[in-house]
Amino acid sequence: MTTVCHRPEGLEQLEAQTNFTKRELQVLYRGFKNECPSGVVNEETFKQIYAQFFPHGDASTYAHYLFNAFDTAQNGSVKFEDFVMALSILLRGTVHEKLRWTFNLYDINKDGYINKEEMMDIVKAIYDMMGKYTYPVLKEDAPRQHVEVFFQKMDKNKDGVVTLDEFIESCQEDDNIMRSLQLFENVM
């Protein structure tokens, strides 16, 4: 039985499409191939890798949403190109690009809106991922309160859904969110 390995098109092309140097891409590719020797990661493998970062919680649901955001072709697998394009946005993209990517992550059904059910699913997944050791100990209704605060801030026209424009505008008005977007800019 032979395993079909996926190789990226070429680092020059990726260098032109991302905010990474050729050297950085080589380092990233080595790490990716180390975790995913076939050059492609499926959702189960992605969940296993992601779970290592959250040993006290259950990261599987959040990893599912994250995987779907990385899997831009929606074909059930993430190639190195998909991974590095997303990483480029998250680490070195403009504020607008980062916010658009985050909106896409939260827009679970990809209809162009974030509704309360989607936000509730995301928030619950984050709470599950953080686990029982989250400080302070969370009350049972904490996710619902979190969603209500999110919608009070983001749903500018109070129609029950948050559009990309509302999301970007609200995030840009919030200093904490803007600071958090800059957290990973000097990672590599």
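This is a predicted model: local features need pLDDT of at least 70, side-chain atom pairs count only at pLDDT 80 or more; totals for chains, interfaces and linings use all residues.
Glutamate 12 and lysine 22 form a salt bridge, with their closest N and O atoms 2.7 Å apart. The term stands for a side-chain nitrogen of Lys or Arg within 4 Å of a carboxyl oxygen of Asp or Glu. Side chains of opposite charge can pair when their charged atoms come close. Here the pair links distant parts of the chain, with glutamate 12 in helix α1 (residues 11-17) and lysine 22 in helix α2, 10 residues apart.

Residues are numbered from 1 along each chain as its sequence is written, and side-chain values use heavy atoms, leaving out hydrogens and water.

Back to the charged pairs: the structure holds 6 salt bridges. Another one of them joins lysine 116 and glutamate 148, at 3.3 Å from N to O. Lysine 116 sits in helix α7 and glutamate 148 in helix α8 (residues 142-154), so this pair ties together parts 32 residues apart in sequence. Lysine 116 is partly exposed, at 32% relative accessible area, and glutamate 148 is partly exposed too, at 30%. As for the cut-offs, buried means under 20% relative accessible area, exposed means over 50%, and partly exposed is in between (1.4 Å probe, protein chains only).

Aspartate 174 lies in the loop between α9 (164-172) and α10 (175-181), 21 residues from lysine 153. Lysine 153 counts as partly exposed at 38% relative accessibility, whereas aspartate 174, at 14%, counts as buried.

Now for helix α3 (residues 43-51), where Glu43, Phe46, Ile49 and Tyr50 are buried. They cover an arc of only 125 degrees around the axis (taken from the directions from the helix axis to the C-beta atoms), which puts them on the same side of α3. An α-helix has 3.6 residues a turn, so residues three or four places apart point the same way. What covers these buried residues includes α2 (22-35), β1 (40-42), α4 (60-70) and α7 (116-130), with contact meaning heavy atoms within 4.5 Å.

Note on methods
Helices (H or I, at least four residues) and strands (E, at least two) are DSSP runs, numbered from the N terminus.
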